[in-house]
Amino acid sequence: MTGALGWLRRHGAAVFGLLLLVGALYVVQREFSSLSVADIRRAMAAIPARAIWLAGGCTILAYLVLAIYDKLGSVYAGRSVSWTKSFLASFCGYSLAHNLGFAAVSGAAVRYRLYSAWGLTPLEIAKVVGFTSLTFGLGGMALGGLVLVLEPEVVPWFGTHLPHWALQALAIPLWGVVLTYVVLSRFFRHVRIFRHEIELPRPRMALAQALLATVDVAVTAGIFYILLPEAEGLTFIRFVGIYLAAYAAGILAHVPGGIGVFDGAILLGLQPYLPAPEVIGALFVFRLYYYILPLFIAGALFVGFEIGQRRAMLQRLTAIGTGTDALEVPALASLVALAGALLIFLGALPTRGTIIELWAGHVAALVSHFAASIVGSLLLVMAFGLLRRLTIAWSLTLILLLNGAAIAWVRGEEWWLWGPFLLLTALLASLRSAFYRDSRLIREPLSAETLVPLLAVAVCGITLALVAYGGRVSNESWWQVVFSRLAPDSLRFTVGLTGVLLLAGMVRLLRPARIAPLPWGAAMRTRLTELGALAPAEADGAVFGENGRAGFAFLKRDGVWLALGDPAGERADAISAIWRFRDLCERAGVDPAFWRIGDGLLRVYGDIGLTTVRLAEQPPLYLALKAERDLATLLPLLPPEMQREAKLQKAPAE
């Protein structure tokens, strides 16, 4: 029983997110199956110019409101910055977080980079990040409670199976959290939730925080609502409920930008009110306004900021290691996931009126819905491999992107649909040096455990290609064949089994080499000493790279495992040791941290999502950690002046 609970604790969120994604893809596939590109074009063209301009204005307003988050956060931290700096930090942070997903890279990394260059200390930045992270949740709970009181029937399934009063009662705990937060700020300066200590603002700021977050969520939902045509029964409050549910599902799925999950939930929620083409047209414009355009603008601003800073000043002031290096790969991984979702959506559209109908049946089958759904699904898997900096993921993604471009072109889609696949291929190819990790397939001997997924990928890929090549399912996605009553049972079983094995095999091949933490003892201490690593008398274990030629000792703390120094040994193996420690901590449900590290591997620490805080000037030494969560826990490791500063900041915030 304990083993099952441990497995659920480690993998429950990922499994739940996967189920959400599968369900969303089913909804999207079902809704798109009766549409065409022309239908969606007509729906987008039918959006009035007035709505386009209003939605654009609301987008600007939404990001201005988010800038107030950062402004109040800096006041709360005791180091108020200018409105211009607040807007830059907020816009870059939220634009990247919205698109890349919170698991890939959070706005915290961007804020640490910017605020540290402006002279804020790591402790002050941690307070800003904590303030902004908490604010959005308050707004969601406040508006969610309002929706439950006024429009309780909007809750899926429960809205039609439970009495209204029972649903309205669910608003009590939501509003109770917001009210408790405001009331506690009147009497307490600090509260501890689980292992995290939260410093509360003064009551006036706490109230302003809740009101501001409510306005933010309402304005963001308003962008989408303005783009929709009028529909009987679809009030703004009811739409806010649908939007909040879809947004929450996107976050829980841990998919960059909520790709597929947010869209599927919106389609499902608006199904009783509007036809699918009109919802999809508005959805595309909403994503363009709130996600895609801000991402490119924020990227340009952030790069401009980096260019405008003198390197010497950055080395003195910044709390993060190396510029935008840690953000490039997550951004591309997000775009690869978006490309996969786009290909799945395109594959769901019929090929009516395209050049594919003029081709021979065999070729048409290869580039039909079936092939598009397979390549799109694999691109979603590859996005996670890219985040792990795996070389095999880089190679396979290039091949799949070229396949995606070919599929879109042969289907007769416009250049602006297949062109981005080629552009993304070129961008990814130019970042070869950012992928430096070998997967289990390359690093380990060809054992039975490695051979099974390799054979599964090969056999399943060939089987699915033969099924498609036979022309029997050229108008269906692979998962549609599994549930089709028209297909023979043998074909449904073959396609379902091979499709699942193909994805599972790819996931296993993309897994990093096996993690093998070693117990501490005299022999281990001697081994690390010979490598030149820190080797204390007592430690909780040691981690080595994939070749066993670089390693370090580590200590276990409350919610944090602390590595003692950089991995000593060969550089390439030191990089793999850092990643293996990160994977080990992820499996254990704790945060990794590295104490007394130099400046030679700062990029790698940034790649695994850690922030570096300077401990000493000469020689340069740092503490790498999840600063927004673990700075208070690891405070005793900081220099005395930082500890004194932290004690001073325990005073009531204004």
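The model shown here is predicted. The protein has 28 helices and 9 strands, and 54% of its 654 residues are buried. Among contacts between residues at least 6 apart in sequence, 70% join residues at least 24 apart.

**Helix 25**

- Helix 25 covers residues 571-588, and its 18 residues should span 26 Å at 1.5 Å a residue; the end C-alpha atoms are 26 Å apart, so the two values agree.
- After helix 25 comes G589, which has a positive phi, near 75°.

**Nonpolar cores**

- In soluble globular proteins, nonpolar side chains tend to be buried together.
- The largest nonpolar core holds 87 residues, and L114, F224, F262 and F286 have the most contacts inside it.
- Helix 13 (residues 276-308) supplies the largest share of this core, with 14 residues.
- A second, separate core has 37 residues, including A333, I344, V375 and L378.
- Which residues does F224 contact, leaving aside its neighbours within four places in sequence? They are F239, F262, I266, V279, A282, L283 and F286.

**Helix 12**

- Helix 12 (residues 261-270) is largely enclosed by the rest of the structure, because 7 of its 10 residues are buried.
- The buried residues of helix 12 are V261, F262, D263, G264, I266, L267 and L270.
- Two of these residues, F262 and I266, are also in the list of contacts of F224.

**Helix pairs**

- Two packed helices are described by the angle between their axes and the distance between the axes.
- Helix 6 (residues 122-150) and helix 11 (residues 236-252) have axes that come within 9 Å and cross at roughly 135°.
- On helix 6, the contact is made by F136, G140, L143, G144, L146, V147 and L150; on helix 11, by I237, V240, G241, L244 and Y247.
- The axes of helix 9 (residues 171-187) and helix 10 (residues 203-227) cross at roughly 160° and come within 8 Å.
- Helix 9 and helix 10 are therefore roughly antiparallel to each other, and their crossing is right-handed.
- Helix 9 makes this contact through V178, Y181, V182, S185 and R186, and helix 10 through P203, A206, L207, Q209 and A210.
- Helix 18 (residues 391-410) and helix 19 (residues 415-429) have axes that come within 8 Å and cross at roughly 165°.
- Helix 18 and helix 19 are therefore roughly antiparallel to each other, and helix 18 passes helix 19 in a left-handed crossing.
- Helix 18 makes this contact through W394, T397, L398, L401, L402, G404, A405, A408 and W409.
- The residues of helix 19 in this contact are W418, F421, L422, L424, T425, L428 and A429.

**Single residues**

- I251 is in helix 11, and its relative accessibility of 33% is why I251 counts as partly exposed.
- I251 and V261 are 10 residues apart along the chain, and their C-alpha atoms are separated by 8.9 Å.
- K556 is in strand 4 (residues 550-557), and K556 counts as partly exposed because its relative accessibility is 41%.
- How far apart are the C-alpha atoms of K556 and G541, which are 15 residues apart along the chain? The separation between K556 and G541 is 8.8 Å.
- Not counting residues up to four places away in sequence, K556 touches D540 and W561.
- R596 lies in strand 7 (residues 591-597), and R596 counts as partly exposed because its relative accessibility is 38%.
- Most residues other than glycine have a negative phi.
- R596 is a residue other than glycine with a positive phi, near 60°.

Definitions and conventions:
Residues numbered from 1 in each chain as written. Predicted model: local features only at pLDDT ≥ 70, side-chain atom pairs only at ≥ 80, totals over all residues. Heavy atoms only, no water. Helix = DSSP H or I, 4+ residues; strand = E, 2+ residues; numbered from the N terminus. Expected span 1.5 Å × (residues − 1). Core = buried A, V, L, I, M, F, W, Y, C linked by side-chain atoms within 4.5 Å. Buried < 20%, exposed > 50% of the residue type's maximum accessible area, 1.4 Å probe, protein only. Contact = heavy atoms within 4.5 Å. Axes fitted to C-alpha atoms, helices over the stretch in contact; angles between N-to-C directions. Parallel < 35°, antiparallel > 145°, perpendicular 65-115°, else oblique. Left-handed = near helix turned anticlockwise from the far one by under 90°.
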